[in-house]
Each structure stands twice: as structure tokens, then as C-alpha cells.
Amino acid sequence: MIKIKKKALIIGASGFLGTKLVETLSREYEVFGTHYLNPKNNTIYLDITKSEQIKETISKINPDVVLLTSALTDVDKCEIEK
């Protein structure tokens, strides 16, 4: 019997949390990851401020689960650029 892996899309897979999730979920899922500034391990470029890019990426991959881990970690910049 062939077991088909479910698909997971990790938005922000090049960050710390995303990288750990890719490692962990790869055991159970076919994992697809995205990046914005830091390409890493075959990730796909995605600008989450562009809704059409998001729709297109999700449509192409057709994941069973989507995890959004992208974030701006510069607290001072977040305060300035709300």
C-alpha cells in the first residue's frame, strides 16, 4: 500500500520558526516553504502583502495545511512602521 503524504505550506520558512517546522513536518508531510528576503533550501519567493501572489502560490501547491510564520522581528522598526 502506497502512503501519500499530505502537503504543508510554510509561509516564512526561511526564518527560525519556519526552518524548525520544515525539519519537523518533513517527516509526515511533503513540505513547501516560502521566503521574502532570505532564500533557503529551495523556498519559493512570496510577498505576503500581495494577495494575488498568495492565492497563486496556494492554488499551485494545493496544501492540506498552511502555517504562517513570517514576521518582522525588529521591534523598534515595528513601532516606527505600524
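Trainee: Where does valine 22 lie?

Mentor: Valine 22 lies in helix 1. A helix here is a DSSP run of H or I with at least four residues, a strand is a run of E with at least two, and both are numbered from the N terminus. Keep in mind that this is a predicted model, where local features need pLDDT of at least 70, side-chain atom pairs count only at pLDDT 80 or more, and totals for chains, interfaces and linings use all residues. Residues are numbered from 1 along each chain as its sequence is written, and side-chain values use heavy atoms, with hydrogens and water left out.

Trainee: Why does valine 22 count as partly exposed?

Mentor: Set its number against the limits: buried means under 20% relative accessible area, exposed means over 50%, and partly exposed is in between (1.4 Å probe, protein chains only). Valine 22 has 25% relative accessibility, so it counts as partly exposed.

Trainee: And what makes leucine 21 partly exposed?

Mentor: Leucine 21, also placed in helix 1, has a relative accessibility of 22%, so partly exposed is its class. For the protein as a whole, 24% of the 82 residues count as buried.

Trainee: Which residues is valine 22 in contact with, leaving aside neighbours within four places in sequence?

Mentor: Those are Ile10, Ala13 and Val31, where contact means heavy atoms within 4.5 Å.

Trainee: What is the order of the strands in the open sheet?

Mentor: The four strands run 3-2-1-4, with parallel pairing.

Trainee: Why is one side of strand 3 and of strand 4 left without a neighbour in the sheet?

Mentor: Strand 3 (44-45) and strand 4 (65-68) stand at the edges and have a single partner strand each, so one side of each has no neighbour there. Along the sequence, the whole protein reads β-α-β-β-α-β-α, with three helices and four strands.

Trainee: What makes a space a pocket?

Mentor: On a 1 Å grid over the protein atoms alone, points where a 1.4 Å probe fits but cannot get out form a cavity, while a pocket is an open set with protein on both sides within 12 Å along at least five of seven lines; lining residues have an atom within 4 Å of a point. The largest pocket has about 690 Å³ of volume, that is, the space filled by probe spheres set on the points, which are joined across faces, edges and corners.

Trainee: Which residues lie nearest the centre of the largest pocket?

Mentor: Tyr36, Leu37, Ser70, Ala71 and Leu72 do, out of 24 lining residues. Helix 1 (16-25) and strand 2 (29-35) are the elements that give two or more residues to this lining, and helix 1 has the largest share, three residues.

Trainee: What about the second largest pocket?

Mentor: That one holds about 150 Å³ of space. Its lining includes Val22 from our opening, along with Thr19, Val31 and Ile44 among others.

Terms used
Pairing = 2+ DSSP bridges.
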